[in-house]
Amino acid sequence: MAPIQYIVEGGHRLSGSIEPSGNKNSALPIIAAALLTEHPVTLQNVPRIRDTETLVELIRSVGASAEWSSRNTLVIHAKSIRAADLDPDLCVRIRASILLAGPLLARCGEVMLPPPGGDVIGRRRLDTHVLALEQLGAKVTATDRLEFRAPKLTGADVFLDEPSVTATENALVAAVAADGVTYLRNAASEPHVQDLANFLVALGARIEGIGTNTMVIHGPATLGEATYAIQPDHIEVGSLIGLAAVTRSPLRIVRAGVEHLRSIRMGFERLGIVCRVEGDDLIVPSNQTLKIQDDFGGHVPKLEDQPWPAFPADLMSIAIVTATQCEGVILMFEKMFESRMFFVDKLIAMGARIVLCDPHRAIIAGPSRLRGASMISPDIRAGMAMLLAAVCAEGTSTINNADQIERGYERIDERLNALGAKIRRVPERKG
Ligand SMILES: CC(=O)N[C@H]1[C@@H](OP(=O)(O)OP(=O)(O)OC[C@H]2O[C@@H](n3ccc(=O)[nH]c3=O)[C@H](O)[C@@H]2O)O[C@H](CO)[C@@H](O)[C@@H]1O
Ligand SMILES: C=C(OP(=O)(O)O)C(=O)O
């Protein structure tokens with residue numbers, strides 16, 4: 001497949017309404033979890049992005065049928081599946097291939113998983129997955145692939161060594177099929193973890209504590225069929241808030257899922273960007289102060305990511321670009337990933353005033369005028385952050401490897417062009 005390039009003419013104001021796609025990080029575990037039931041599952045509001053398409057190929061390869069009945073509706077029927085060897089080339093394309101471990105183990109008693117891929121944003125450990133599935137009764141062998149075997153899964157009192165999102169999801173799915181009660185402690189509680197849990201409940205699972213750090217799962221559940229709509233992507237909403245702010249544009253983000261936006265709105269408020277809620281829509285007015293809020297006593301403020309419900313790691317790159325357009329100084333502290341901040345080099349070349357203190361911390365002094373540049377998108381969120389920078393910069397920018405952006409954001413060029421952006425995708429889209 002030819003690499004994708006975005007050619008962006010910066011400096012245009014945007015306006016209008018935009019609806020976020022369904023949450024990528026919900027859709028992935030939910031598509032994988034659809035393998036748990038022998039009955040058909042209809043998933044609505046599925047983002048039609050590279051990651052979901054790849055996972056669909058993977059579930060087909062183990063015998064499930066998966067058909068798109070409309071652009072964003074996916075019908076999956078895993079009547080009978082086999083723990084076939086998964087294609088390493090597909091697995092390495094996405095981090096979410098690891099999410100097949102829980103469902104395949106539960107359904108087939110074994111799974112051989114080639115190494116997963118995903119964003120190259122630092123070391124991505126799998127230890128928590130192993131820890132959780134072992135405690136539910138799996139024997140794990142690690143060679144050039146991970147092999148999980150469990151003729152029988154048994155409920156257990158599991159304490160995760162860290163609130164890993166995908167490990168929580170794997171453990172949750174396995175616990176639904178396990179015999180007896182499982183306590184999942186120190187669990188991640190991100191909106192996508194909640195979405196998965198609600199989907200499992202719709203299938204017939206009994207789960208208490210959804211949205212908290214301790215879930216209690218009563219297994220084994222008798223699962224049926226379900227129709228389930230994926231919730232809006234809060235990370236996309238955050239990306240759109242940043243986009244509106246850096247282009248000083250009024251935007252209405254419709255059906256934004258406002259109940260999950262508190263920490264995100266708080267983070268942007270620290271940058272002097274205040275949004276308004278109207279029903280389930282989020283309004284980003286154009287008359288923002290874009291003034292970084294000092295801490296009491298005039299001290300330099302800090303924006304840091306943490307597990308949910310705090311400010312999400314996947315919005316740090318967006319927040320960094322946004323801060324370059326705000327007046328004042330702020331420390332950005334990315335606690336989770338070691339390589340996510342390296343893309344700031346490009347922003348510096350565009351004219352941003354940023355000191356990268358170490359792999360986890362950057363100081364941003366704004367505002368600065370950005371100039372168009374040629375860049376390569378290293379991961380989904382840095383790619384989207386570069387797109388924000390390009391849209392607000394003077395002149396033309398080229399973003400190479402925009403494939404990364406399209407792993408996570410559906411038809412983002414078209415949707416932003418509808419708001420007034422000037423993004424040309426090379427090659428042009430077909431259909
Ligand atoms: C498919 C999917 O859903 N991917 C998301 C998922 O990845 P994923 O599930 O792979 O990420 P994890 O939650 O396992 O952890 C991400 C990183 O953060 C570190 N860590 C985690 C918890 C903690 O309390 N302290 C800490 O330092 C881990 O060691 C790891 O290096 O969650 C990440 C963290 O929200 C997101 O960036 C990814 O978009
Ligand atoms: C890091 C991300 O994705 P993945 O875990 O799939 O690489 C992301 O969604 O920002």
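The following questions and answers concern a predicted model of one chain with a ligand.

Me: What average pLDDT does the chain have?
Reply: Residues are numbered from 1 along each chain as its sequence is written, and chains are lettered from A and ligands numbered from 1 in the order in which they are written. This is a predicted model in which local features need pLDDT of at least 70 and side-chain atom pairs count only at pLDDT 80 or more, while totals for chains, interfaces and linings use all residues. The pLDDT is the predictor's confidence in each residue, from 0 to 100; 98% of the residues score at least 70, and the chain average is 96.

Me: Between which domains does ligand 1 lie, and why?
Reply: The domain bounds come from an automatic or database domain assignment, which divides the chain into domain 1 (5-21 + 232-426) and domain 2 (24-229). Both give residues to the shell around ligand 1, so the ligand lies between domain 1 and domain 2.

Me: Which helix gives the largest share of the shell around ligand 1?
Reply: A residue is near the ligand if its C-beta atom, placed from the backbone, lies within 6 Å of it, and of the 20 residues around ligand 1, Asn-25, Ser-164, Val-165, Thr-166 and Met-336 come nearest. Helices (H or I, at least four residues) and strands (E, at least two) are DSSP runs, numbered from the N terminus, and α1 (24-33) and α6 (165-177) each supply at least two residues of the shell. The largest share, three residues, comes from α6.

Me: How many residues of the shell around ligand 1 are charged?
Reply: Ala, Val, Leu, Ile, Met, Phe, Trp, Tyr, Cys and Pro count as nonpolar, Asp, Glu, Lys and Arg as charged, and the others, Gly among them, as polar. On that division the shell has ten nonpolar and four polar residues, and the number of charged ones is six.

Me: Is Asp-314 buried or exposed?
Reply: An unreviewed UniProt entry places the feature "binding site" at Arg-95, Asp-314 and Met-336, with positions in the numbering used here, feature names shortened, and annotations that may be inferred rather than shown by experiment. Asp-314 is in the loop between β17 (302-304) and α10 (316-323). A residue is buried if 20 or more other C-beta atoms lie within 10 Å of its own, exposed if 12 or fewer, and partly exposed in between, with C-beta atoms placed from the backbone. Because Asp-314 has 28 other C-beta atoms within 10 Å, this residue is buried.

Me: Which residues does Lys-335 touch, not counting residues up to four places away in sequence?
Reply: Lys-335 is in the loop between β18 (328-333) and α11 (344-349), and with 13 other C-beta atoms within 10 Å it is partly exposed. Two residues are in contact if their C-beta atoms, placed from the backbone, lie within 7 Å. Not counting residues up to four places away in sequence, Lys-335 touches Glu-304, Asp-305, Gln-306 and His-360.

Me: Which helix gives the largest share of the side of domain 1 that touches domain 2?
Reply: The centres of domain 1 and domain 2, taken over C-alpha atoms, are separated by 30 Å. The contact takes 19 residues from domain 1 and 16 residues from domain 2. On the side of domain 1 that touches domain 2, the largest share, four residues, comes from helix α13 (residues 403-408).

Me: What is omega for the cis peptide bond that joins Trp-308 and Pro-309?
Reply: Pro-309 is found in the loop between β17 and α10. The peptide bond joining Trp-308 and Pro-309 is cis, and its omega is about 15°.
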